Amino acid sequence: MRSGESEFALLRLDRTNLIVPRNDVRIIELAIDLERDQPPPHGIGWILFDRQRCPVYCPSMELEWMDEVTSPRPICAVLNAKGVTFGLLCSEAKLLRSDDISFHDLPPAMVVPGSPIHRLAAYEGGVACASLAARILGDLPAAAAQERRTTSEAL
Amino acid sequence: MESIAWLLDFGDGEVAAVGQRELLHLVPQPEIFDVPRTPQHCSRVLAWQNRVVPVWDVRAWLSPESRTESASLAAIVGYQARVGEQPRFGAVLLVKPPGRIAVKDADACELADRQARWKELAISSFRHGEDPVAILDLPRMYSGVLANHPA
């Protein structure tokens with residue numbers, strides 16, 4: 001990665017493509033390292049990152065928060081927003097250069113209040129849904145948010 | 001007076017029309033992409049000429065359990081939200097290529113009471129065969145007016 005070059009991470013959730021700024025992603029790990037015991041509410045386990053035990057969630061193609069993994073998700077993208085670190089299980093993850101992406105407003109006919117998706121991104125002949133780690137964090141269920149606070153305080 | 005229109009076939013006997021100049025392009029076997037947290041009738045997009053175009057699934061609008069899963073054909077339509085404005089673009093899923101038809105002023109009629117969902121999409125309607133056919137109000141369909149409309 002060249003210094004100062006703006007990049008993005010493409011996270012594939014089955015058929016849904018999600019794109020977030022590279023700076024929102026702390027690390028991309030293999031999901032084999034997950035701790036599955038006593039998962040967080042609406043989550044599926046924990047991952048150790050930077051000496052913290054971070055909750056891991058499994059969003060469906062519809063960006064619903066699943067309690068179990070129902071399709072192959074071998075990758076865990078560890079995101080950070082507002083000082084909170086959390087993982088998302090993905091089918092695939094890769095980095096994209098900003099030069100290879102064109103961003104477009106979400107068409108008015110598709111705008112639903114409260115969605116974490118705020119733009120669309122065309123790349124290499126595909127289209128992804130653009131979001132931010134902060135928007136994804138804000139979309140996690142209230143119970144999960146409470147758990148994050150509790151875990152953070154305990155650590 | 002007579003006008004030329006395109007008759008769009010959405011499958012299951014559901015048809016509607018657009019003006020001759022509103023239909024711009026046909027995309028066979030379109031590569032469409034899911035966008036979660038969007039209305040079921042407009043939950044996908046396709047890339048077309050350096051644009052990302054919203055895809056309307058009219059069958060899903062008429063009956064939420066009838067979502068078109070595999071699209072064999074998409075029609076690109078163009079419209080102006082206001083007179084003099086740059087054209088905007090959208091797509092609709094079809095089951096077969098559109099047919100050109102002539103519509104006379106005398107064919108104008110009201111949609112039937114059972115076509116309540118069509119009334120939300122129609123700028124006007126005309127008799128074609130047995131049933132009244134809606135002429136799509138494209139600016140309304142692609143605006144946000146129907147995005148949060150209950151099914």
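Is A:Cys76 buried or exposed? A:Cys76 is buried, with a relative accessible area of 0%. This comes from a predicted model, and every value below is computed from it.

A:Cys54 is in no disulfide. A:Cys76 is in no disulfide either.

| Cysteine | Nearest cysteine sulfur | Distance |
|---|---|---|
| A:Cys54 | A:Cys76 | 8.8 Å |
| A:Cys76 | A:Cys90 | 7.3 Å |

A disulfide needs two cysteine sulfur atoms within 2.5 Å. At 8.8 Å, the sulfur of A:Cys76 is the nearest one to A:Cys54, so A:Cys54 has no partner within 2.5 Å. For A:Cys76, the nearest sulfur belongs to A:Cys90, 7.3 Å away. A:Cys54 also counts as buried, because its relative accessibility is 1% and the limit for buried is under 20%.

**Cavity**

How many cavities of 30 Å³ or more does the whole structure hold? The search finds one. The largest cavity has a volume of about 40 Å³. Its lining includes four leucines of chain A: A:Leu13, A:Leu18, A:Leu63 and A:Leu88. A:Pro59, A:Trp65, A:Pro116 and A:Ile136 line the largest cavity too. By class, this lining has eight nonpolar residues, with no polar and no charged ones.

**Interface of chains A and B**

Contacts join 24 residues of chain B to 27 residues of chain A. The size of an interface is often given as the accessible area lost when the parts come together. For chain B and chain A, the buried area is about 1,900 Å². Carbon and sulfur atoms carry 62% of that area.

Salt bridges between chain B and chain A number two. B:Arg37 forms a salt bridge with A:Asp139. The closest N and O atoms of that pair are 2.5 Å apart.

Terms used. Residues are numbered from 1 along each chain as its sequence is written. Chains are lettered from A and ligands numbered from 1 in the order in which they are written. This is a predicted model: local features need pLDDT of at least 70, side-chain atom pairs count only at pLDDT 80 or more; totals for chains, interfaces and linings use all residues. Side-chain values use heavy atoms; hydrogens and water are left out. Buried means under 20% relative accessible area, exposed over 50%, partly exposed in between (1.4 Å probe, protein chains only). On a 1 Å grid over the protein atoms alone, a cavity is a set of points where a 1.4 Å probe fits but cannot get out, and a pocket is an open set with protein on both sides within 12 Å along at least five of seven lines; lining residues have an atom within 4 Å of a point. Grid points are joined across faces, edges and corners, and a volume is the space filled by probe spheres set on the points. Ala, Val, Leu, Ile, Met, Phe, Trp, Tyr, Cys and Pro count as nonpolar, Asp, Glu, Lys and Arg as charged, and the others, Gly among them, as polar. Contact means heavy atoms within 4.5 Å. Buried area is the accessible area (1.4 Å probe) that two parts lose on being put together, summed over both. A salt bridge is a side-chain nitrogen of Lys or Arg within 4 Å of a carboxyl oxygen of Asp or Glu.
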